[in-house]
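Work through the exercises below with the sequence and the model open. Each task is followed by a solution in steps.

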Amino acid sequence: KRARVVDEEAKEEGEKKKKEEEEKGGGEKKVKEEEEEMKEGKEEEKSEEPGWIGELTAVNKALLRSFINNEIDEVRAMVEGKEHLKSASSLLFELLVGLFKCPSRFVVGGSTGAFRCSLSLGATIVSSCPHKNKKVAKAECARRAIRALLSMSVNSFWTVKVEATVVPKVEVTVVPRGDTVAANGVEKGAKEEGENGLESELKSSGACAGFSCEVQRPRSTGQMAQTRLSNMMQEQAYALFYKLAETCPAAANTHRVLAAMFLMDRSAEKLHCVSLATGNKCIKACSLSFEGQAVHDCHAEILTRRGLMRWLYTQVQLAQKSPDNSALVRSAGEGEGGGAGKLRLRKRFSLHLFISTAPCGDGRVYQFGGKKSKDYRNVGRLRHKIEDGEGTVLGEKDDEQLSIDSFMMGQRLRTMSCSDKVLKWNVMGLQGSLLSHFLHPVYLSSLTLAHFTRESCIARACFGRVEGFKPSQPEYTVNSSLGLFGSTFVLPSSMSHSRPKSCSVSANWNATDEGVELIDTRTGRALQAKDMGLGAATSRLSKISMLSRFASLTPGSGKIEYSDAKRCSTSYLLTQHEFLRFLEDEKKLGKWQKKPNDFSQLEIE
């Protein structure tokens with residue numbers, strides 16, 4: 001009996017063990033099945049990700065995937081052992097600017113306790129539900145906008161239906177090095193001259209609505225007109241800057257003042273950015289270079305103009321070797337003062353300058369009250385930038401000319417204000433004395449400012465102060481037809497709040513040279529890319545670099561001295577002498593300050 005009982009107990013234990021093993025085996029199968037399902041789900045999620053996610057930086061890519069999994073306001077992600085934290089709003093605007101090239105902003109409406117927030121994504125408008133405060137409404141709108149972007153591609157983002165009220169995005173391209181600018185290089189027909197051809201195409205297709213200079217809203221007294229072109233220039237200038245900042249992170253915090261030069265091609269209906277720069281300081285007197293290796297003025301609009309000069313040198317070289325591929329064309333039989341046979345911009349091209357703020361100097365001086373007010377006598381006067389500082393000071397008629405001796409005695413370096421230099425460009429042209437050997441004067445067609453100012457002040461600063469001046473040389477004139485515009489485009493709050501107060505580094509880029517160049521505004525030298533804190537190099541915008549480009553256009557001329565090359569441009573120097581004498585003697589606006597001639601005695605072989 002005992003043996004039977006033992007056998008039965010052994011059988012029962014064996015059956016229990018079998019059941020337990022079967023249960024364990026079934027659990028493992030379920031776990032494996034669940035893991036396989038999870039993998040398939042992740043593969044499906046990966047396959048559903050839009051292609052543009054792969055173009056993001058490692059940090060934004062990790063943050064975006066973290067957002068997809070959690071969809072929370074504060075997104076956290078670990079990248080290379082470091083924790084990164086961003087809000088949904090910041091992540092959204094970085095995607096819009098860096099990838100979709102569409103800076104935008106929140107629009108909040110409603111009343112207390114029921115605030116709604118909306119955002120335009122191309123032709124799509126994303127809105128939030130009513131919330132008690134604006135912050136929560138913006139956060140929800142940002143989350144919905146990111147979700148909407150995940151279902152779009154970069155190409156379909158700008159696809160706009162005919163009935164949509166959103167202005168379509170017009171293609172803005174960057175001119176690559178040595179690329180062809182002019183189509184076939186031959187100017188002929190009304191379309192090439194900008195007459196009838198462009199207007200008829202606009203009416204028939206409407207594809208170039210962004211180039212229309214039609215005022216978007218009524219102009220109030222004293223305000224500058226706003227156009228679609230001016231808004232697009234600001235939008236594309238900042239989009240290009242942030243794109244360049246991705247390749248050169250050190251340039252990201254230099255944009256307190258941003259300027260860009262655009263070339264408008266009316267026949268091809270395109271806008272090309274040829275030069276862009278940032279900066280708002282000048283070098284110290286102790287950093288002046290006898291070899292011409294330092295850039296004296298590092299304000300954004302000045303560097304942008306020097307970048308344009310680099311591009312013009314390339315176009316002159318193209319005109320000599322391959323005329324059909326250049327934006328310049330030779331004028332035959334024009335001019336009486338030695339201007340015949342020089343190059344000029346093709347008639348379908350025009351230059352447009354964008355500045356994020358009014359140029360320093362007279363352009364920022366407002367006239368309060370009538371003519372009897374005390375400050376009226378200072379309106380229109382020439383002003384000087386002070387070394388290693390911001391703002392300008394009033395120039396006096398009895399100011400002494402700058403000299404090396406005065407610098408040794410502690411005198412601070414004085415540089416003419418940006419408003420005064422823009423005034424000179426509107427008389428002498430943008431090309432400068434060296435390029436005047438090859439070019440007719442190149443004038444601006446329009447000036448766009450992001451921050452509004454009084455149109456009367458800008459008009460006075462840019463060309464009003466030389467009203468009545470008539471140059472003796474027929475190829476020069478006063479560019480009083482300069483278009484002055486403002487921009488209604490508003491940067492996202494995440495960008496506008498990040499604008500630095502001041503920076504001792506300026507950045508410049510142009511369509512001729514490769515990459516972004518950083519300049520130390522205290523020394524005027526280019527910073528080395530590998531070690532920004534040690535050593536310096538000659539900037540491509542310096543005098544010696546420009547003289548080198550000039551020498552490349554005159555092969556076989558032997559040794560070239562900078563001062564001699566300037567003196568040979570007789571018509572330019574004569575007009576400049578008449579211009580400065582008109583400001584000082586007739587208008588009584590002060591004396592134009594020049595650097596000592598010791599810093600112009602450089603030469604190159």
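**Exercise 1. The largest cavity**

How much space lies in the largest cavity?

Solution. The model is predicted, and local features need pLDDT of at least 70, side-chain atom pairs count only at pLDDT 80 or more, while totals for chains, interfaces and linings use all residues. Residues are numbered from 1 along each chain as its sequence is written, and side-chain values use heavy atoms, with hydrogens and water left out.

Step 1. Grid points are joined across faces, edges and corners, and a volume is the space filled by probe spheres set on the points.

Step 2. Count: there are 2 cavities of 30 Å³ or more.

Step 3. Read the volume: the largest cavity holds about 50 Å³ of space.

Step 4. List the lining: Phe 241, Leu 244, Ala 245, Ala 251, Leu 276, Thr 278, Ala 507, Asn 508, Trp 509 and Val 516. Two or more of the lining residues come from each of α8 (228-247), β9 (270-278) and β20 (505-510). Helices (H or I, at least four residues) and strands (E, at least two) are DSSP runs, numbered from the N terminus.

Step 5. Sort by class, with Ala, Val, Leu, Ile, Met, Phe, Trp, Tyr, Cys and Pro as nonpolar, Asp, Glu, Lys and Arg as charged, and the others, Gly among them, as polar. The lining of the largest cavity has 8 nonpolar, 2 polar and no charged residues.

**Exercise 2. The largest pocket**

Describe the volume and lining of the largest pocket.

Solution. Step 1. The volume of the largest pocket is about 1,200 Å³. Its lining has 40 residues, and Lys 424, Lys 543, Tyr 562, Lys 566 and Gln 576 are the closest to the centre.

Step 1. Elements that each supply at least two lining residues include α9, α11, α15 (543-552), α16 (562-567) and α17 (570-586).

Step 2. By class, the lining of the largest pocket splits into 17 nonpolar, 13 polar and 10 charged residues.

**Exercise 3. Strand β14**

Which strands pair with β14, and in which sense?

Solution. Step 1. Two strands pair if DSSP finds at least two bridges between them.

Step 1. β8 (residues 258-265) pairs with β14 in the antiparallel sense over 7 bridges. Within this pairing, Ala 260 has Phe 354 of β14 as its bridge partner.

Step 2. β18 (residues 446-449) runs parallel to β14 and is joined to it by 4 bridges. Leu 353 is opposite Leu 447 of β18.

Step 3. Check burial, where buried means under 20% relative accessible area, exposed over 50%, and partly exposed in between (1.4 Å probe, protein chains only). In β14 (residues 349-355), 7 of 7 residues are buried. Phe 349, Leu 351, Leu 353 and Ile 355 point one way, and Ser 350, His 352 and Phe 354 the other.

**Exercise 4. Helix α11 and its neighbours**

Describe how α9 and α11 pack, then how α13 packs.

Solution. Step 1. Two packed helices are described by the angle between their axes and the distance between the axes. Axes are lines fitted to C-alpha atoms, for helices over the stretch in contact, and angles run from 0 to 180 degrees between N-to-C directions.

Step 1. α9 (residues 300-321) and α11 (residues 418-428) pack at about 35 degrees, with their axes 10 Å apart. Glu 301, Ile 302 and Arg 305 of α9 make the contact (heavy atoms within 4.5 Å) with Cys 418, Lys 421 and Trp 425 of α11. That contact has 3 nonpolar, no polar and 3 charged residues.

Step 2. In α11, 11 of 11 residues are buried. Just after α11, Gly 429 has a positive phi of about 95 degrees.

Step 3. In α13 (residues 455-462), 6 of 8 residues are buried, and the buried ones pack against α11, β18 and β19 (483-486).

**Exercise 5. Two single residues**

Solution. Step 1. Asn 280, in strand β10 (residues 280-282), is buried because its relative accessible area is 9%. Among the residues that Asn 280 touches, not counting those up to four places away in sequence, are Arg 256, Cys 298, Glu 390 and Cys 503.

Step 1. Lys 588, in the loop between α17 and β25 (603-604), is partly exposed because its relative accessible area is 49%. Phi of Lys 588 is near 55 degrees, a positive value in a residue other than glycine.

Definitions and conventions:
1 Å grid on protein atoms, 1.4 Å probe; cavity = no way out; pocket = protein on both sides within 12 Å on 5 of 7 lines; lining within 4 Å.
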